[in-house]
Amino acid sequence: MEAQAKTALTGGAFLIQPSDAANTFTPEDFSEEQKLIEQTCNEFLDKEVIPHLLEIDKQQEGLMPSLLDKAGELGLLGAAFPQKYGGLGEDFVTATIINEALGGGHSFAVAMAAHNGIGSLPILYFGTEAQKQKYIPKLATAQMKGAYALTEPNSGSDALGARTTATLTPDGTHYLINGQKIWITNAGFADVFTVFAKVDGDKFTAFIVDRNTEGLSFGEEEHKMGIKGSSTRQLFFENCKVPVDNVLGEIGRGHIIAFNILNIGRLKLCAAALGGAKRAMNTSIAYATTREQFKTPIAQFGAIQHKLAEMAIKTFATDAALYRTAKWIADKEHELAAAGKPDSETLLGAAEEYAIECAMLKVIGSETLDYIVDEGVQIHGGNGFSDEYNISRAYRDSRINRIFEGTNEINRLLTLDMYLKRAMKGRINLMTPAMAIQKELMGIPEFGEDDAPFAAELKAIANFKKAALMCAGAAVQKLMMKIEQEQEVLMYLADMVMDTFMAESALLRAMKMQASNHEHASLAVDATRVLIADTADKVNHAGKNAVNAFADGDELRMMLLGLKRFTKTNSFNTKQARRSIAAKMVEKQRYFF
Amino acid sequence: MKILVCISQVPDTTTKIAFSDNNTQFNTAGVTLIINPYDEWYALVRALELKEAGIANTVNLVTVGKADAEPVIRKALALGGDEAIRIDTDSNDPFVVAAQIAEYAKSEGYDLVLCGKESIDYNNGVMGAMLAELLDMNYIGFASALDIAGGVATVKREIEGGEETDTCALPLVVSCQKGMSEARIPNMRGIMAARTKPLKVVAPAAISPLTTIASYDLPPAKTGVKMIDENNMDELVALLHSEAKVI
């Protein structure tokens with residue numbers, strides 16, 4: 001056995017180091033207080049949001065701002081802001097719990113996340129003391145609502161290609177902003193916007209722009225496929241006169257704000273998606289147990305049980321990966337604070353450390369949610385296609401998650417890109433393990449069986465990592481700088497890394513549940529075994545497609561053999577395991593992990 | 001004025017009920033416990049409103065339960081109680097619960113004791129009255145409104161076809177129901193404050209139950225709908241008489 005890591009892994013290092021289940025934070029570790037906070041969020045949704053989804057989707061005048069006000073009164077918005085700015089100083093894990101629980105609030109969740117995240121954090125982390133004092137206490141209570149304006153008609157994924165300009169007035173007191181922003185969440189009612197524009201043609205810079213600023217006007221509400229209740233408008237800047245005191249951060253350093261905030265945003269998107277996933281799953285369980293066909297509740301049919309179990313397995317793993325990372329970030333934040341870093345740098349620094357995990361979580365969370373709402377509609381049959389049933393709203397609302405906060409394609413590319421950049425900078429040593437794998441491939445495979453608990457599962461995970469490192473290492477060697485043009489290969493490699501991260505997180509969680517004799521430990525182990533069996537096939541599939549794209553001859557043959565070796569797993573009856581999980585879901589009438 | 005609110009922990013309303021030990025015990029495995037809604041939404045919230053209005057100075061909470069009741073009582077503290085007392089025993093006999101609370105409360109000088117009209121698990125609805133008797137306090141049950149002025153309580157009760165308004169001197173025990181107040185959601189500040197609020201655990205007094213539950217039975221499973229031919233009224237009448245037993 002390899003030595004187990006005793007301390008938190010550094011960002012991305014899960015791929016080259018084993019983790020210790022006992023030191024991995026899981027949702028089972030939430031404190032009583034955190035559970036109570038989660039309950040408050042759920043009660044808030046059940047009482048104030050869910051009964052009014054129709055009015056919210058119709059954008060009933062004043063409704064969304066009033067819901068934000070109520071969430072603000074409950075202290076849910078500023079929970080993680082520092083106390084000196086009117087927040088409650090809760091840690092990152094608790095903030096993530098709030099984001100997850102409120103994530104089931106459809107359009108409200110989007111408005112809340114935009115206000116609380118990208119609408120507030122740029123000022124909190126990059127504002128001057130005066131800017132923070134002026135805005136943050138009001139944003140913490142939703143007395144002021146926040147929004148973030150980055151995207152333009154011709155710059156989406158390529159954020160730095162923005163064309164909006166900011167020109168200093170001759171008297172040096174103001175900037176005149178000219179340009180256009182699109183897809184601005186909360187635009188209909190936000191009081192303050194963080195706006196990105198270029199100074200002197202190329203200096204990408206952030207500005208705080210108040211709603212009533214001269215020269216700022218708004219487009220009509222966009223008609224969207226989903227999240228219809230979230231206000232989305234264009235912003236038009238025509239000589240919009242912003243005082244120089246409203247420059248946020250440094251001139252020409254806007255990209256630091258734009259990109260650093262996104263790390264946190266990506267993790268929180270995963271949290272919100274998870275909250276939505278759990279509610280959509282519970283709706284589907286309830287439907288499947290009451291809907292009868294052939295005089296039998298459809299939940300009794302294997303085809304439906306498969307879907308229900310798959311929903312639970314993906315959610316179990318996403319949950320595990322999310323809170324594993326959230327705790328790493330919270331710990332890193334405390335470590336940076338203890339090392340004397342100012343408040344403004346601790347969380348951002350911590351999130352930057354785990355930027356790879358944040359990018360992966362964004363993809364994992366949004367795709368888990370998409371699977372669940374899609375199969376949720378399927379379980380509802382024809383009724384799922386009707387607006388009468390909430391699952392159709394969940395389906396429409398889910399779709400945007402794979403697009404905003406960086407598309408899933410961009411986040412897949414980023415996952416690999418960050419690994420390679422960190423390897424080049426010496427922040428992470430991918431070379432040594434990659435070389436060791438090459439050497440291992442030359443040797444005779446190990447056939448010994450280790451019968452320690454979870455030995456087979458741990459070995460499977462270690463092998464998936466080897467498969468990913470082998471393929472990535474070879475791709476880099478072979479393609480060199482051209483690798484950036486081979487996006488298909490990068491996508492496959494990213495999938496190998498992500499699926500492994502998810503499976504490992506699930507395994508560590510299941511091991512920890514087993515160690516503490518958790519009520520649902522054996523089903524958690526079942527879920528993990530199903531996931532590992534599926535991950536083996538997925539890693540093999542992605543690996544084959546990747547290496548076939550760039551290797552040939554002996555090298556290709558050796559890697560295909562390696563993939564076969566590294567994705568070999570014991571036979572396992574996934575059907576039976578899924579049935580056991582589905583049976584518990586039906587018994588409990590909800591997602592039970 | 002000093003108020004005591006009685007908090008009971010009950011199974012969540014979605015709980016699947018099961019029994020153990022030859023149907024003599026309620027099986028609590030995997031059951032989520034919540035605050036009895038009548039205690040939370042009406043008794044506790046009205047007590048907090050009286051404190052916010054400056055009528056009461058102190059709102060304390062008491063529960064009879066083992067350590068597993070603590071998350072529930074912590075939630076009640078998060079909603080706004082000042083301190084909580086947990087009497088470290090468990091019983092489904094209303095007399096034991098009333099007597100344990102009385103034993104604690106008799107020397108504490110409470111002016112008003114509020115409880116829910118019943119707990120949603122055993123639905124006896126008698127604990128409040130027993131407590132009033134044991135504490136030698138006045139009692140009004142099933143109240144839907146409560147105001148206090150000049151040491152006198154004005155209480156509304158729903159009665160058959162209407163409503164009655166009573167006045168009553170303190171000290172007083174009131175059991176509360178719908179209409180008394182609106183449910184609240186604990187806010188973040190309350191939850192954080194609950195962390196440091198006192199939760200005292202006191203040893204139970206030696207009190208014997210007056211009743212014991214001999215056995216539990218689940219209601220018979222629902223049977224399917226029986227379709228009867230529209231021309232066969234005799235069969236319908238016969239079935240309504242012999243099976244449904246409604247005529």
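**Asp88(B) touches Gly65(B), Lys66(B), Ala67(B), Val201(B), Val202(B) and Pro204(B), leaving aside residues up to four places away in sequence.** A contact here means heavy atoms within 4.5 Å. You're looking at a predicted model, in which local features need pLDDT of at least 70 and side-chain atom pairs count only at pLDDT 80 or more, while totals for chains, interfaces and linings use all residues. Residues are numbered from 1 along each chain as its sequence is written, chains are lettered from A and ligands numbered from 1 in the order in which they are written, and side-chain values use heavy atoms, with hydrogens and water left out. Asp88(B) sits in the loop between strand S7 (83-87) and H3 of chain B; helices (H or I, at least four residues) and strands (E, at least two) are DSSP runs, numbered from the N terminus. With a relative accessible area of 28%, Asp88(B) is partly exposed. The cut-offs are under 20% for buried, over 50% for exposed and in between for partly exposed, using a 1.4 Å probe and protein chains only. Thr63(B) is 25 residues away along the chain, with 8.7 Å between its C-alpha atom and that of Asp88(B).

**Thr89(B) belongs to the loop between S7 and H3 of chain B.** Beyond residues up to four places away in sequence, Thr89(B) touches Val64(B), Gly65(B), Lys66(B), Gln100(B) and Pro204(B).

**Helix H2 (residues 70-79) of chain B is largely enclosed by the rest of the structure, since seven of its 10 residues are buried.** Those buried residues are Val72(B), Ile73(B), Lys75(B), Ala76(B), Leu77(B), Ala78(B) and Leu79(B). Just past H2(B) comes Gly80(B), with a positive phi of about 145 degrees.

**Helix H3 (residues 94-105) and helix H4 (residues 127-135) of chain B have axes that come within 9 Å and cross at roughly 40 degrees.** Axes are lines fitted to C-alpha atoms, for helices over the stretch in contact, and angles between N-to-C directions run from 0 to 180 degrees. That makes H3(B) and H4(B) oblique to each other: under 35 degrees counts as roughly parallel, over 145 as roughly antiparallel, 65 to 115 as roughly perpendicular and the rest as oblique. On the H3(B) side you'll find Pro94(B), Phe95(B), Val97(B), Ala98(B), Ala99(B), Ile101(B), Ala102(B) and Ala105(B), which meet Met127(B), Met130(B), Leu131(B), Leu134(B) and Leu135(B) in H4(B). The residues of this contact divide into 13 nonpolar, no polar and no charged.

**Asp136(B) lies in the loop between H4 and strand S9 (138-149) of chain B.** Its phi is near 55 degrees, a positive value in a residue other than glycine. Asp136(B) is exposed, at 69% relative accessibility.

**The peptide bond from Leu170(B) to Pro171(B) is cis, with omega near -5 degrees.** Look for Pro171(B) in the loop between strand S11 (162-169) and strand S12 (172-176) of chain B.

**There are 19 aromatic pairs over all chains of the structure.** In the pair of Phe14(A) and Phe501(A), the ring centres are 4.7 Å apart and the planes at 55 degrees, so this pair is tilted. Phe14(A) lies in the segment before helix H1 (32-49) of chain A and Phe501(A) in helix H16 (residues 487-515) of chain A, so the pair ties together parts that are 487 residues apart in sequence. Phe14(A) is buried at a relative accessible area of 0%, and Phe501(A) is buried at 0% relative accessibility. Phe196(A) and Phe204(A) form a stacked pair, 5.5 Å centre to centre with 15 degrees between the planes, and both are buried. Rings of Phe, Tyr and Trp (its six-membered ring) pair if their centres lie within 6.5 Å, with planes under 30 degrees apart counting as stacked, over 60 as edge-to-face and the rest as tilted.

**Phe316(A), Tyr591(A), Phe592(A) and Phe593(A) make up one aromatic cluster.** Gln589(A) follows helix H19 (574-588) of chain A, in the segment after that helix. Though not a glycine, Gln589(A) has a positive phi of about 60 degrees. Gln589(A) is partly exposed, with a relative accessible area of 37%.

How values were computed
Ala, Val, Leu, Ile, Met, Phe, Trp, Tyr, Cys and Pro count as nonpolar, Asp, Glu, Lys and Arg as charged, and the others, Gly among them, as polar.
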